[in-house]
Amino acid sequence: MAKDAPLDSQGVVRLFEQYVIPNYGRFPVALVRGEGSYVWDAEGNRYLDLFPGWGCGLLGHCPAPVVRAVQDQVARLIHVPNTWYTELQGRWAEALSKRSFGGQAFFCNSGTEANEAAIKLVRLHTPKNRYKIITFEGGFHGRTLGSTAATAQPKYHEGLGPLMAGFVYAPHGDLAAVEALIDDETAAIMIEPIQGEGGIRVPPEGFLQGLRRLADEHNLLLVFDEVQTGFGRTGDWFAYQHFGVTPDIMTLAKAVCGGLAGAAMLTTAQIAPSLRPGMHAATFGGNPIAASAGIAAIEMIERQGLLENARKISDVFRARLTEIQQECEIVREVRLVGLMIGIELAIAGAPIVKACLARRLLINCTHQTVIRLLPALNLTEEQAHEACDLLSEVLKEQASRGNGQS
Ligand SMILES: Cc1ncc(COP(=O)(O)O)c(C=O)c1O
């Protein structure tokens, strides 16, 4: 087959219009190459990316140690089923266990799958009459049907019913409401330590500790969905370490393979055997490519001191964004833990995202009014300042237009 000349962005958009199911809202730009915190489009324009890979690009685009590990592994052994052992999968599990609470791992490919595994494990580990899981308003756990039911946001349920039974929703941050929902059928509490899609909502002081206490008192499992918060995002390996509250089950995905698809559910050695043979599986889970990328990502974070860098760059963002908030009345609140950053606006965020794109700065908006930044842990101070300069310009410009204060 003759090789066609590469398409420009418009050509790619036309291709999608004909052949790709339109279930995503997309910007009309085709991206072709990435390196660190920069990404290039088909026209050769360079963008500073503060939302690389929707949180998966924690190490920036194409991190060299991950690229090398994958290139080496892909020529050696691409995939074997989980009826065989591979040293790589064992080493990957060991590396995650040693950096977390010392348990065991089940590997899969995406955040929603890791949460499905957690939901099954909860049901398998607790007595038959206990099946309810308490989750939180504004939370997000993924798009498969179990995770969708766990996600307490009506907009994600529309047209999908009947949903899987057994989830009860509590207001975020309200410990008394959680306690009131616990009954003889409750098996677990499941929460993102910081809500990501829900607008970078940090729990009130003592809330996660309170959930741990309730779980212990009522013999429930505590599940942390660390798909977005985990793996260094907050400046600690895992957000639970930041808050000093250890879960019984933790799910990881997004960044865990340095930008490749991969996910894990971790649990204690006491709970793990409840996911007994035959009850759960993922064909590609823990495959040699994902495992080599996962190990390389961990080594890169440690060798390059990226957790420390995340904390340093977080301080730059905190200082700059606080300044911007003082200068610009449309900024209501700045919330950040490590490099998980939310800027709550008094106006809709979509025009800000669009204006930043025109200035070649990539950001995200969630919950209509929250600008979300999930920059790479190896972002430089200069890049952080450059991004804040651009963002400040755009916010002031929109504020001066009197853009729809709410
Ligand atoms: C907290 C959380 N859980 C689960 C998911 C779902 O992950 P995936 O899209 O990999 O299935 C996401 C995705 O954004 C997430 O932020």
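Guide: Two strands are said to pair if DSSP finds at least two bridges between them. Strands themselves are DSSP runs of E with at least two residues, helices are runs of H or I with at least four residues, and both are numbered from the N terminus. This is a predicted model, in which local features need pLDDT of at least 70, side-chain atom pairs count only at pLDDT 80 or more, and totals for chains, interfaces and linings use all residues. Residue numbers start from 1 along each chain as its sequence is written.

The part to look at is strand β15, which covers residues 370-373. Together with β14, strand β15 makes a hairpin that has three residues between the two strands. His367 sits in that turn, and its phi is positive, about 50°. Strand β14 takes in residues 364-366 and runs antiparallel to β15, with three bridges joining them.

Gly342 has Arg372 in β15 as its bridge partner.

Which residues of β15 lie on one side, and which on the other? Val370 and Arg372 are on one side, Ile371 and Leu373 on the other, and all four are buried. A residue is buried if 20 or more other C-beta atoms lie within 10 Å of its own, exposed if 12 or fewer, and partly exposed in between, with C-beta atoms placed from the backbone. Both faces of the strand are therefore covered.

Now compare a place in a helix. Ala114 belongs to helix α4, and it counts as buried because it has 31 C-beta neighbours inside 10 Å. Leaving out residues up to four places away in sequence, Ala114 touches Cys108, Val227, Thr251, Leu252, Ala253, Ala263, Ala264 and Met265; such a contact means C-beta atoms, placed from the backbone, within 7 Å. Met250 is 136 residues from Ala114 in sequence, while their C-alpha atoms are 8.8 Å apart in space.

Some loops are worth a stop too. Lys254 lies in the loop between β9 (249-252) and β10 (263-267). Lys254 has a positive phi of about 40° although it is not a glycine, and it is buried because 26 other C-beta atoms lie within 10 Å. Asn219, in the loop between α7 (207-218) and β8 (221-225), is not a glycine either, and its phi is positive at about 60°. Asn219 is exposed, since it has 11 other C-beta atoms within 10 Å. In the loop between α5 (145-150) and β6 (167-170) there is Pro162, joined to Gly161 by a cis peptide bond with an omega of about -5°.

Last, the whole chain. The protein has twelve helices and 15 strands, and its C-alpha trace spans about 60 × 55 × 45 Å along the principal axes. Of its 406 residues, 46% are buried. Among contacts with a separation of 6 or more, 73% are between residues 24 or more positions apart. The domain assignment, which is automatic or from a database, gives domain 1 (65-303) and domain 2 (307-406). Their centres, taken over C-alpha atoms, are separated by 28 Å. Domain 1 puts 14 residues into the contact and domain 2 puts in 16 residues.

Terms used
Contact = placed C-beta atoms within 7 Å.
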